[in-house]
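Have a look at the model below before reading on. The notes after it go topic by topic.

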Amino acid sequence: MSKVNYNIKEGLSEKQIRQMYERALEIIEEIGLEVSHKGILQTLSQEDGVKIEKSRVKFDSWLVDKYVMSQSYPMNEFSNGYKIVSGAYEQNVIDLDTGKIREATLKDLVELTKLADSYGMVGSAPVRPMDLPGPLQEIAMYKVSWENSSQKAQGIFDANPKSSLEVANYVYEMSKVVNKSFSIGI
Amino acid sequence: MRYAAVNFSSPESILLLELGKEVAAHLTGKFSARSAMRTIAKAPDAQAACEKTTCALMGALRGGRRFMDLGQLSIDEIFSPEQMVIDREILSSIERLINGFEFQDMENLTLNTIKEALDEKSFLAHSTTVEQFKKAYWFPQIFDRRMLEVWKTAGAPGVIEKAHDSVQDKISNQEPRLDELTISKLNKVYDRACKSGW
């Protein structure tokens, strides 16, 4: 007995990938990036391979290449079979009763987290509870996720926002209560 | 260009997503199994079904196994619980497709089964048919496979209607994941946050 599967293999050639990468390095070295934060400019100015012209920062190719090659990705997390990620703290929801688009609430967050959990879905909170004050929305997304899901919100698919140190502190404190991982996120 | 909108669900965007994964794999030596089910449609409709299936199928055929964006509409502006159930059904169908099939070596295959079924005047009731049917076929949860008259007799249920019922059922039957003591500890932290003057 043998297994038969279909897939798509054709794509870029090695030469095309190399060309794209080399041109990207050239853009970063010759055109550079705009950086407006004075503290970051100060830090970068002390690095070898970095040139600063006013707010334009140019990086030597060897430096970018060195950091690209040293990247590592936690690919082993969720490595078994298919995994599905639902929602990314959407601000609006389609109301279950009326079918109309409206702002999401704390009640929606609880119900939709339960729904995602019933399917074993991972990732961030499905919706942002817009009926709460801003910073509390972010804290509630973690609280509700941890109360109602075994897999949300943690790991590499968790991107719930933490927009201030104060919010991050509360989330960190809650993560200790439920023994879940904590990261600053993206 | 006309609306200056970000469209992550166009064919061009799907191609760019795969291109990015290919370049990253080349540079890091690790293939990202991340894929997507994106749409810019505003409701669970034909556009959403087409864009999400195109995106997910391309990703899956290229080796993607982690699918993002289920339930999301208008890229990530709207969440639809019914769409999430439909997305899961689409993905389940794609998973079956990607799993392919077992190819049995035919050299030693006998014609006995065919002869037995012919004697019984039915292939449907033969034990091997039932056994292989259960192994080989994917069984949808909300997509309908009945012929017209049978479907009409059952009340002619639509896919969105079935997804809606499934959502209500799942939400009402899902229990919290934490015990009361842990929830109470979480509440204490949350209550302090509520009193922070926000």
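Predicted model: local features only at pLDDT ≥ 70, side-chain atom pairs only at ≥ 80, totals over all residues.

Residues are numbered from 1 along each chain as its sequence is written, while chains are lettered from A and ligands numbered from 1 in the order in which they are written.

**Chain A overall**

- Chain A has six helices and seven strands; here helices (H or I, at least four residues) and strands (E, at least two) are DSSP runs, numbered from the N terminus.
- Going along the sequence, the pattern in chain A reads β-α-β-α-β-β-α-β-β-β-α-α-α.
- With a radius of gyration of 22 Å, well over the 16 Å that the globule rule gives for 186 residues, chain A is more spread out than a compact globule. That radius is taken over C-alpha atoms, and the rule is 2.2 Å times the number of residues to the power 0.38.
- Along the principal axes, the C-alpha atoms of chain A fill a box of roughly 60 × 55 × 35 Å.
- Domain 1 (14–69) and domain 2 (92–178) are what the domain assignment of chain A gives, with bounds from an automatic or database domain assignment.
- The centres of these two domains of chain A, taken over C-alpha atoms, are separated by 37 Å.
- Of the 186 residues in chain A, 30% are buried. A residue is buried if 20 or more other C-beta atoms lie within 10 Å of its own, exposed if 12 or fewer, and partly exposed in between, with C-beta atoms placed from the backbone.
- Among contacts in chain A with a separation of 6 or more, 64% come from residues 24 or more positions apart. Two residues are in contact if their C-beta atoms, placed from the backbone, lie within 7 Å.

**Where the chains meet**

- Chain A puts 60 residues into the contact and chain B puts in 52 residues.
- On the chain B side, elements that each supply at least two residues include α1 (11–28), α3 (81–99) and α7 (159–173).
- The largest share of that side, eight residues, comes from α8(B).
- By class, the side of chain B that touches chain A has 26 nonpolar, eleven polar and 15 charged residues. Nonpolar covers Ala, Val, Leu, Ile, Met, Phe, Trp, Tyr, Cys and Pro, charged covers Asp, Glu, Lys and Arg, and the others, Gly among them, are polar.

- One open sheet has three strands in the order β5(A)-β2(B)-β1(B), with parallel pairing; two strands pair if DSSP finds at least two bridges between them.
- Its edge strands, each pairing on one side only, are β5 (83–86) of chain A and β1 (34–36) of chain B.
- Three bridges link β5(A) and β2(B) in the parallel sense, and A:Ile84 has B:Phe67 as its bridge partner in β2(B).
- A:Lys83 and A:Val85 point one way from β5(A), A:Ile84 and A:Ser86 point the other way, and all are buried.
- β1(B) and β2(B) also pair in the parallel sense over three bridges, with B:Ala36 opposite B:Met68.
- A further open sheet has four strands in the order β7(A)-β6(A)-β4(B)-β3(B), and its pairing is mixed.
- There, β6 (residues 92–94) of chain A runs parallel to β4(B), joined by two bridges, and A:Asn92 stands opposite B:Ile78.

**Residues to look at**

- A:Met174 lies in helix α6 (residues 165–178) of chain A and counts as buried, with 22 C-beta neighbours inside 10 Å.
- Leaving aside neighbours within four places in sequence, A:Met174 is in contact with A:Tyr142, A:Lys143, A:Trp146, B:Leu186 and B:Val189.
- Most residues other than glycine have a negative phi, and most peptide bonds are trans.
- A:Tyr89, in the loop between β5 and β6 of chain A, has a positive phi near 40°.
- B:Ile75 sits in the loop between β3 and β4 of chain B and has a positive phi near 65°.
- A:Tyr89 counts as buried, with 22 C-beta neighbours inside 10 Å, whereas B:Ile75 is partly exposed, with 18 other C-beta atoms within 10 Å.
- The peptide bond from A:Lys152 to A:Ala153 is cis, with omega near -15°; A:Ala153 is in the loop between α5 (134–148) and α6 of chain A.
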